[in-house]
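My notes follow in the order in which I looked things up.

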Amino acid sequence: MRLANGEGLVGEQSATRAMARPHASSARARSRRETAISLLYLLPSLIVFGVFIFYPLFKSIYLSLFASDPFGLGRTPFVGLRQYEIALKSQSYRDGLGVTVLYTLYTVPLGILIALGLAVLANLRVRGIGFFRTVYALPIGVSVGAASIVFLLLYNSRAGVLNYFLNTLGLPSVEWLTEPRAALWAVAILSIWAGIGFNFIVLLSGLQGIPEELYESARIDGANNARIFRSITLPMLMPTLFFVLIVSTINAFQSFAQIHILTKGGPANATNVVVYSIYREAFFNFQTGYASAQAVILFVIILILTAIQFLVIERRVHYA
Amino acid sequence: MSEPQTFGRRAFQLTIIYALLIATALFLLFPLLYGLAISFMTADEITVYPPKFLPDGLNLTSYETVLSRLPIPRYLFNSLLISTTVMIGQLVTASLAAYAFAIRRFRGRGLIFGLFLSTLMIPWEVTLIPNFQTIQAWGWTDNYLGLIAPFVATAFGTFMLRQFFLTIPQELHDAATIDGCGSLRYLVQIVLPLSRPALGTLAIYGFLQTWNQFLWPLLVTNQKEMRTIQIGLNYLLNEETISFNNTMAGVILAIIPTMVLLIVGQRQLVRGLTAGAVKG
């Protein structure tokens, strides 16, 4: 039998022929060929990951061990872990970490809860539900950059419509982007809005994956809606919720555009998340080494957080 | 069972459901609808207090101003070209890799799969600085290559397609192999046509992700002609006083392509993500 396709670089033997001659050596040769061909399939992805993910990861660690020369004279002395020490001891870096954690706590739980509510609503079988599903998914089509500009309009203190609503309700105006405590919430609210589309789509598809028979038998047993939600919907949805939790947390830690457009890290560093300070350190102060050390620390924190999420929460996740 | 009573209860439930659906939809859409309304207003209309929620008419001056001030069509073309190329690249690389993981058996498969998944854990900001240096060293700044190359492989997409490919019966592969069907031909003629929903989802997802990128295009483009729409829009904010009607006109022009894509492909996106995210 001959190869019919153009991939015959390695000369794959057909399965039948190998089976007809079950010698140990030919079986080994076959498995080696199988591996070689499989690697060819993986090669395009591996090259991209190698050049743009794995190499830069190690390069970042390497860069973090050298001090940068802001004057571009090419002197970059080896300083070992000094820059890690400086970062961890520096008040502004710690504040940045604090802001990042706070921002994550503001956005992730609320973002998931709202999307879950919408998904439960959109999973009801009523006429015209398809329209509402599209509407709830719509924010996924609006880039964080474009959404930030729209919210800039809403938050505007002079003519902003958000303060107008607050005033009509008898509440005082809020200086959304210039009052430190409000600014982080302002960024968080926008991020929640921008993230709803993705969370909604994933959670809705999770809900639709729950077998109808489970609901039917629960109803026959006389369970009410709240009971059904607690005993069937939530446990069955756990893997999906877990997926959304991991993705949202990683996204929150990487937020950039909304901060760049709305606050530029201000006021008084109230929204200066670590990613933003890395950006400024690397591309404005040209402290590449120090910025790399900050990035590596953030990477380790995300890794630990994800590991904790896997160890603590996934154990309670029930995979059907 | 008394029929009229159940009917009355059902009608009551339906009213509440629709009220909730409409209220949440309006609440969620408000920022976009308000932005749309503002884009049709004149400078005088947007400064009145209390604010107006509907324009007096379909005034298109803001759109004319934005289009004359910024090369919006060029920005849209750049974004379209980059997003489409990345999307096609991701479909090709992810299909090949997912096929190896799902259907072929080879030594080290688990290990390499783990390597793929580990890329999901490596945040973008750790790779940012060296990637910028790489692109700079290769002279790929202000070049489509620099905006495309880093993104043409996707671990998430590979994982999603693998989950889908796993649902194709292995016997089909064995039968095809016995019939002398080569493995690449099996992938192209049998696996890919069967996986159209998953491929569609990955296409939409990859396109949206690339279209919405911000930090990377901000770093690797300087020339006006090379900017993507997301970065181009940002320049509307750099003026002395932001005129929101012009800015909103820019935003609306920028989101029309993705809105259309989403409305057309929403069903597809939901169906494919179901296969990818839930079947663990």
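I am reading a predicted model, in which local features need pLDDT of at least 70 and side-chain atom pairs count only at pLDDT 80 or more, while totals for chains, interfaces and linings use all residues. Residues are numbered from 1 along each chain as its sequence is written, and chains are lettered from A in the order in which they are written.

**Chain A**

I looked up the unreviewed UniProt entry, whose annotation "transmembrane region" covers several stretches of chain A, among them 136-155 and 228-250. For residues 228-250 of chain A I found 100% helix, with the end C-alpha atoms 31 Å apart, and for residues 136-155 of chain A 70% helix, with the ends 22 Å apart. Chain A has 13 helices and zero strands (DSSP runs, H or I of at least four residues for helices, E of at least two for strands). Of the 320 residues in chain A, 53% are buried (under 20% relative accessible area, 1.4 Å probe, protein chains only).

**B:Ser195**

Where does B:Ser195 sit? I found B:Ser195 in the loop between helix H10 (183-194) and helix H11 (196-211) of chain B. B:Ser195 counts as buried because its relative accessibility is 0%. Beyond its neighbours within four places in sequence, B:Ser195 is in contact (heavy atoms within 4.5 Å) with B:Phe164, B:Phe165 and B:Ile168. I also noted B:Leu161, which is 34 residues from B:Ser195 in sequence and 8.0 Å away, C-alpha to C-alpha.

Definitions and conventions: Side-chain values use heavy atoms; hydrogens and water are left out. UniProt positions are given in the numbering used here, feature names are shortened, and annotations may be inferred rather than shown by experiment. Buried means under 20% relative accessible area, exposed over 50%, partly exposed in between (1.4 Å probe, protein chains only).
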